[in-house]
Amino acid sequence: MINQNWKAISELPGIKRGKEADFWVAVLMERRDYTKGPEHYQQATECVIKLSYLNAELTDAELDYWEENGCIPDESPSDLDDWQNEDGEHSNYTGWISHDDDGRYYIIKPGENGYVPEGAFGGRFRMLAWLEIIRPDFPIQFNADDLDSSHE
């Protein structure tokens, strides 16, 4: 099944509070051209990167409770507890994020010029559209008699 239902970047994914989901994001990427100097970029190219969308913004009451107790109230979605930085502060953020190899997350926010500043992607980029990543069903059910035995 091919999913070609790209959404405009202005249309936000519907993610439950405390959750995140992965998406393909079409971007216009500009990589630094160090041969010309630190302020120069190569010609922009369109490409697709994987980002996540996070819904972890707290209500005022939850934020007050967090600041007093270091956790969220019991009646709030429990996954909201997961989104704190190394200093123990809650991210209190809903929007695009990326993850590094160590599991840390980084907020992805375009600047006034529409570009997301450089980071782990080796250049600045402008987000164009997003597409839900459709994960296949697994484990699959198959009949051993149907396997191709020509590779034995």
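The model is predicted.

**Overall fold**

The protein chain contains one helix and six strands. Read from the N terminus, the order of these elements is β-β-β-α-β-β-β. Of the 152 residues in the protein chain, 31% are buried.

Strand 2 pairs with two other strands. With strand 3 it runs antiparallel, joined by ten bridges, and Ala26 has Val48 of strand 3 as its bridge partner. With strand 6 the pairing is also antiparallel, over nine bridges; here Val27 stands opposite Met127 of strand 6. As a general point, side chains in a regular strand alternate between the two faces of the sheet.

**Aromatic pairs**

Two numbers describe a pair of aromatic rings: the distance of the centres and the angle of the planes. Five aromatic pairs are found in the whole structure. One of them joins Phe23 and Trp130, whose ring centres are 5.0 Å apart and whose planes meet at 80°; the pair is therefore edge-to-face. Phe23 and Trp130 are both buried.

Tyr53 and Trp96 also form an edge-to-face pair, with 5.0 Å centre to centre and 80° between the planes. Tyr53 lies in strand 3 (residues 45-55) and Trp96 in strand 4 (residues 94-99), and the two are 43 residues apart. Tyr53 and Trp96 are buried as well. Ring pairs link Phe23, Tyr53, Trp96 and Trp130 into a cluster.

**Charged side chains**

Side chains of opposite charge can pair when their charged atoms come close. The structure holds six salt bridges, including those in the table.

| Salt bridge | N to O distance |
|---|---|
| Glu62 and Arg17 | 2.5 Å |
| Asp22 and Lys50 | 3.7 Å |
| Glu30 and Arg124 | 2.7 Å |

Glu62 is in helix 1, while Arg17 is in the loop between strand 1 and strand 2, 45 residues apart from it. Glu62 counts as buried because its relative accessibility is 6%, whereas Arg17, with a relative accessible area of 30%, is partly exposed.

Lys50 is partly exposed, with a relative accessible area of 44%.

Where do Glu30 and Arg124 lie in the chain? Glu30 is in strand 2 and Arg124 is in strand 6, 94 residues apart. Glu30 is buried at a relative accessible area of 12%, and Arg124 is partly exposed at 21%. Salt bridges that share partners also join Asp100, Asp102 and Arg104 into one network.

**Surface and loop features**

Trp6, Trp24 and Val48 form a nonpolar patch on the surface, with about 280 Å² of accessible area together. Trp6 lies in the segment before strand 1 (7-8) and counts as partly exposed because its relative accessibility is 33%.

Asn92 is found in the loop between helix 1 (60-69) and strand 4. Its phi is near 45°, a positive value in a residue other than glycine. Asn92 is partly exposed, at 26% relative accessibility.

Key
Residues are numbered from 1 along each chain as its sequence is written. This is a predicted model: local features need pLDDT of at least 70, side-chain atom pairs count only at pLDDT 80 or more; totals for chains, interfaces and linings use all residues. Side-chain values use heavy atoms; hydrogens and water are left out. Patches are made of residues with over 30% relative accessible area and no salt bridge: like charges are joined within 9 Å, nonpolar side chains (Val, Leu, Ile, Met, Phe, Trp, Tyr) within 5 Å. Accessible areas come from the Shrake-Rupley method with a 1.4 Å probe; for residues, only the protein chains shown count as cover. A salt bridge is a side-chain nitrogen of Lys or Arg within 4 Å of a carboxyl oxygen of Asp or Glu. Helices (H or I, at least four residues) and strands (E, at least two) are DSSP runs, numbered from the N terminus. Buried means under 20% relative accessible area, exposed over 50%, partly exposed in between (1.4 Å probe, protein chains only). Rings of Phe, Tyr and Trp (its six-membered ring) pair if their centres lie within 6.5 Å; planes under 30 degrees apart count as stacked, over 60 as edge-to-face and the rest as tilted. Two strands pair if DSSP finds at least two bridges between them.
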